[in-house]
Amino acid sequence: METVKNKTFVEDVNRSIYDIKDKVNASYKTSRGLTSGIVNAISLEKNDPAWMREFRQKSLKIYNELEVPVWGPSLEGLNMEDIVTYVRPNTKMQLKWDEVPEDIKNTFERLGIPQAERTSLAGVGAQYDSEVVYHNVREEVKSQGVIYTDMESALREHEDIVKEHFMKLVTPRDHKFAALHGAVWSGGSFVYVPPGVSVEIPLQSYFRLNAPGAGQFEHTLIIVDKGANLHFIEGCSAPKYNVANLHAGCVELFVREGARLRYSTIENWSKNMFNLNTKRASVEKDGIMEWVSGSFGSRVSYLYPMSILKGENARMEYTGITFAGKGQNLDTGVKVVHGAPNTSSHMSSKSISKDGGCSTFRSAVVMGTVADGAKCAVSCESLMLDSESRSDTIPAMDIRNDNVDIGHEAKIGRISDDTIFYLMSRGLSEADARAMIVSGFAEPIAKELPLEYALEMNQLIRLEMEGSIG
């Protein structure tokens with residue numbers, strides 16, 4: 001740390017436990033790059049059924065046809081020729097924590113995953129590089145008929161359900177990196193909640209990418225049947241390397257009639273990560289889809305969870321926060337399609353940028369011709385901590401029905417010097433005063449998370465706030 005002209009600077013955020021690296025101990029990994037042979041090798045490794053092998057090759061063909069997106073942040077520095085698309089850790093999936101290899105177990109122990117499972121979760125899946133290494137679910141949840149397993153097991157044991165839903169909401173033709181996902185996907189979670197079942201305690205999957213120069217392409221498929229209820233939590237992190245890593249996962253959520261799904265995410269990827277994730281939900285009559293999102297890491301992010309409200313009275317709520325620091329360009333947002341009468345959506349986003357970080361919020365609202373009586377409200381607030389940072393709001397609205405109600409508001413600003421002075425006059429240091437203001441700004445998102453994840457988010461904010469004075 002150095003002091004220049006009475007202003008304090010800290011060179012980099014101390015990411016503590018998140019930047020711990022394990023020695024790469026893979027039992028198998030593909031060559032760098034992306035070819036038909038590499039995709040076929042992944043299929044053989046995973047013993048895919050014939051339809052999945054064909055699906056992968058078709059996705060690869062689409063990938064080669066589509067162009068890299070040019071409307072968002074630059075993807076300069078991401079070269080697929082340098083990316084390893086599949087890394088199998090040196091272990092099979094375990095159902096008992098004690099049987100997970102020590103090096104992998106120690107990483108997840110430091111991240112607090114087993115402790116969270118013991119105290120507050122109904123089930124946990126832990127993915128390390130390209131494969132799920134641990135999976136467990138409480139007996140009382142199993143006894144309700146809930147299926148919670150890794151995607152490979154689901155493909156073997158529930159093939160008909162997977163085949164019916166896999167990449168039907170997010171298709172390989174949606175964009176280039178969805179096609180990439182279809183070709184090389186590996187790992188992820190499968191959840192089915194039977195009609196009328198309420199899972200009272202959250203399920204969680206945690207994704208850890210350890211290998212440098214690798215990609216992670218997990219697929220999450222969740223079906224919440226008629227009148228059922230589920231809270232699913234997703235956590236992600238990776239250590240920092242001096243080479244590019246890639247995350248191009250896919251999340252497909254099916255919310256049936258009268259069902260409710262809350263999907264919470266805390267993303268803390270390292271700042272050499274390109275995060276090009278795609279998330280989408282289909283919501284039927286009287287269904288409720290809730291998104292809670294915290295994005296704190298990655299060098300570049302493209303992330304826009306989408307909800308398709310296809311049944312009357314279907315509802316969507318989105319609550320998100322983005323924190324862009326030095327060297328980060330985080331392009332996030334939310335999309336909603338109102339495709340039925342009396343549907344409603346509410347989107348609330350907060351973004352923080354500092355040290356030259358760039359934060360962009362995009363909202364896309366489509367009001368279909370049949371969406372009589374639909375309502376939508378969009379609210380985004382941006383807080384910049386210095387004059388070098390940038391924050392943009394880019395709303396898009398496609399309204400094809402006059403009998404709808406839509407509102408959009410955006411606020412942008414900096415921390416008031418008067419507020420800082422007042423807090424310092426009450427005994428706080430300048431750093432603590434700024435951190436308190438930022439934590440208060442983020443509080444509406446924190447209160448939507450379970451306690452331990454709210455604490456993690458607040459810790460990430462404190463880490464990111466180091467060095468923000470001046």
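**Burial, cores and ring pairs in a predicted model**

Good morning. Of the 470 residues in the protein, 59% are buried, that is, under 20% relative accessible area with a 1.4 Å probe and protein chains only, whereas exposed means over 50% and partly exposed lies in between. This is a predicted model, in which local features need pLDDT of at least 70 and side-chain atom pairs count only at pLDDT 80 or more, while totals for chains, interfaces and linings use all residues. Residues are numbered from 1 along each chain as its sequence is written, and side-chain values use heavy atoms, with hydrogens and water left out.

I begin with the overall picture. The secondary structure comprises 11 helices and 27 strands; these are DSSP runs, H or I of at least four residues for helices and E of at least two for strands, numbered from the N terminus. Among contacts with a separation of 6 or more, 83% join residues 24 or more positions apart, a contact being heavy atoms within 4.5 Å.

I turn now to the interior. In soluble globular proteins, nonpolar side chains tend to be buried together. The largest nonpolar core here has 39 residues; such a core is a set of buried Ala, Val, Leu, Ile, Met, Phe, Trp, Tyr and Cys residues joined through side-chain atoms within 4.5 Å. Val 193, Ile 222, Leu 230, Leu 253, Met 289 and Met 347 touch the most other members of that core. Another core, of 26 residues, lies apart from it and includes Tyr 86, Phe 217, Val 300 and Tyr 304.

Next, consider the end of helix 7. His 165 belongs to this helix, which covers residues 159-165. Is His 165 buried or exposed? Its relative accessibility is 5%, so His 165 counts as buried. Beyond its neighbours within four places in sequence, His 165 contacts Leu 221, Ile 223, Glu 252, Phe 254 and Arg 256.

Finally, the aromatic rings. The structure holds 7 aromatic pairs, meaning rings of Phe, Tyr and Trp (its six-membered ring) with centres within 6.5 Å; planes under 30 degrees apart are stacked, over 60 edge-to-face, and the rest tilted. One of them is the tilted pair of Phe 166 and Trp 185, with 5.3 Å centre to centre and 50° between the planes. Phe 166 lies in the loop between helix 7 and helix 8 (176-184), and Trp 185 in the loop between helix 8 and strand 8 (189-193), so the pair ties together parts 19 residues apart in sequence. Phe 166 is buried, at 1% relative accessible area, and Trp 185 is buried at 1%. Elsewhere, ring pairs link Tyr 148, Phe 232, Tyr 263 and Trp 291 into a cluster. Thank you.
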